[in-house]
Amino acid sequence: MKKKQSVWIGIGVGLGIGLLLIASWIIFLALFVAKSYDFVTSEDGRMSFGVCEFKKDAFCIGPEWDGGKMSFEIPDEFMGFPVTALGGYTGRGYPCPFAVRVNAGEYDFTCDDGVFDVHHRADDEFATLVFSIRLGKNVKTIDFADGKLYLGRNLENGEFDFTAKIVYSFTVDGQNETFFAENGRLYKRAGGEPVESFFYE
């Protein structure tokens, strides 16, 4: 009789542990999904953001430039949530670095300065696209930026023709406690350290 009872106790304990593990996994998944950021574009289509209703904040992914006005404002809030960062991750971890997305002109590719250093020729001539960015008062961090980019075309011989360089000129809301701008360049208030994540004018 004792043997039967111990068997049933063992089964009960096993089932209990199994159910506890399943419940823990469901809670983990629910919290993970709740804490993830959704990709949202502004109504005018000029800016994109990551928004998390659970955390009640947002980060700016960056401007979408279609060939028109080259000045953009990162608002204090988006969809009622403070915009606290530049760049981040949406969904299950899709990288969304802060950068100007160029949807105008005859460009085949966008590349970073590392690719440019390897493939550019000494006689390359390219335009400079200067984008004016105003930072809102709530931006506290630059979590992920891709601020050193070139645009170009693919040549028939397999080489690259670099045709434009994306450059930034910043202004910052006077109430921002983390960053300030001087001559278009971005600095951290603590110690006056320059932010080196961008090409400047």
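1. Let's start with a term: two strands pair if DSSP finds at least two bridges between them. Strands themselves (E, at least two residues) and helices (H or I, at least four) are DSSP runs, numbered from the N terminus.

2. Before you dig in, note that this is a predicted model, where local features need pLDDT of at least 70, side-chain atom pairs count only at pLDDT 80 or more, and totals for chains, interfaces and linings use all residues. Residues are numbered from 1 along each chain as its sequence is written, and side-chain values use heavy atoms, with hydrogens and water left out.

3. Now the overview. The protein chain has 16 strands and two helices. Of its 201 residues, 35% are buried, meaning under 20% relative accessible area (1.4 Å probe, protein chains only).

4. Have a look at strand E3, residues 57-65. How many of its nine residues are buried? Eight are, so the strand is mostly covered.

5. On to the partners of E3. Strand E2 (residues 47-52) pairs with E3 in the antiparallel sense, over six bridges, and Val 51 sits opposite Ala 58 in E3. E2 and E3 form a hairpin with four residues between them. In that turn, Lys 56 has a positive phi of about 60 degrees.

6. What about parallel partners? Strand E6 (residues 81-86) runs parallel to E3, and three bridges join them. Here Ala 58 turns up again, standing opposite Val 83 in E6. Strand E9 (residues 101-102) also pairs with E3 in the parallel sense, over two bridges, with Trp 65 opposite Val 102 in E9.

Key: Buried < 20%, exposed > 50% of the residue type's maximum accessible area, 1.4 Å probe, protein only.
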